[in-house]
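The entries follow the order in which I looked things up.

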Amino acid sequence: MPERRAARAGPRASQAPLRQGLVVSAHGRHVVVLDPAGARQRCHLRGRRLEAVVGDAVEWAASGDEGVIERIRPRRNEFFRQDAWRTKHFASNLDALLVLLAVEPSWSDAVLARALIAAASAGIPAWIGLNKTDLPAAPAAWQRLAPYMAMGVEIVELSLKARPAASEAALRERLRGRTTLVLGPSGTGKSTLVNLLAPGAAAAVGEISRALQSGRHTTTATTWYALGGDRSDGALVDSPGFQEFGLNHVAAADLAGLMPDLAAHLGACRFLDCTHRQEPGCAVRAAAEAGAIDPTRWRLYGALHEELALQGRR
């Protein structure tokens, strides 16, 4: 995204001392900031040049009942989706992305692939959690995920309600010391996962609601939760469910390099600017025709490349 999003604001309206904080929930021009002592403060962004997302490290000043965010520190990364109409920001300064799926309800292969491509584009390691593996349809779900296992994506078996202790043990070490965004369609068990691993989540939601002076905190906002007594234990960033995932911020020429099963065959094409669509001497297409790339993934690449190339021409 443009650098201006993390730029300094203009001259300060107040000379109150600046305080450090972490954005733990964002609601338009208002955010909730967690200070080093663990208190939450409602703040607003000064000026239109600043745009804060969950995970941002900020500097803010007290101003009456609200704080004023004066600066947003540079981000290590940012995870977002973008379509032709808008950009949806999830979080910044992430160490990992956990895509939570479930045996039931079913998931979209296209949305899963898009989320992993967006993570690769942002340089964020991603892994998959498969929940509700105690259900009879679990073998079919594992079969659908076989192409991802083959290309090296870690997949963790979970049963958050039926086997909570085993599921927690499988997750704790992978999450410890990291800030992990949990992404997935509605009904996969994201709330169950958050409540299992972050016992203070309900209290945090109530505190955020009070900071925002609202009667309730809906699940339409991305929210940061500590996993333990301090930030060194790690944190989960819970996000609302969604049905689509735009990739308009990804260039068509970069797409194959962001898909590990295709990237494994790059470098041997006859043409340096090969699109892997119709050029002769294409090593990637040859691998697909030989069965080295899963047919579903290959068709997905073709559809995505066409979509992104069209967007680029616009």
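The notes below begin with the basis of the values and then turn to the chain.

I worked from a predicted model, in which local features need pLDDT of at least 70, side-chain atom pairs count only at pLDDT 80 or more, and totals for chains, interfaces and linings use all residues. Residues are numbered from 1 along each chain as its sequence is written, and side-chain values use heavy atoms, with hydrogens and water left out.

Overall make-up. I found nine helices and 13 strands in the protein chain, taken as DSSP runs (helices H or I, at least four residues; strands E, at least two) numbered from the N terminus. Of its 314 residues, 50% count as buried (under 20% relative accessible area; exposed is over 50%, partly exposed in between; 1.4 Å probe, protein chains only).

For C282, the nearest cysteine sulfur is that of C274, 3.7 Å away. C282 is buried at 6% relative accessibility, and C43 is buried at 0%.

Backbone. I noted that most residues other than glycine have a negative phi, and most peptide bonds are trans. The bond from E104 to P105 is cis, with omega near -5°; P105 lies in the loop between β8 (96-102) and α1 (109-122). K132 has a positive phi near 65° and sits in the loop between β9 (126-131) and α2 (138-144). H276 also has a positive phi, of about 65°, in the loop between α7 (260-263) and α8 (283-289). Is H276 buried or exposed? I recorded H276 as buried, with a relative accessible area of 7%, whereas K132 is partly exposed at 25%.

Key
A disulfide is a pair of cysteine sulfur atoms within 2.5 Å.
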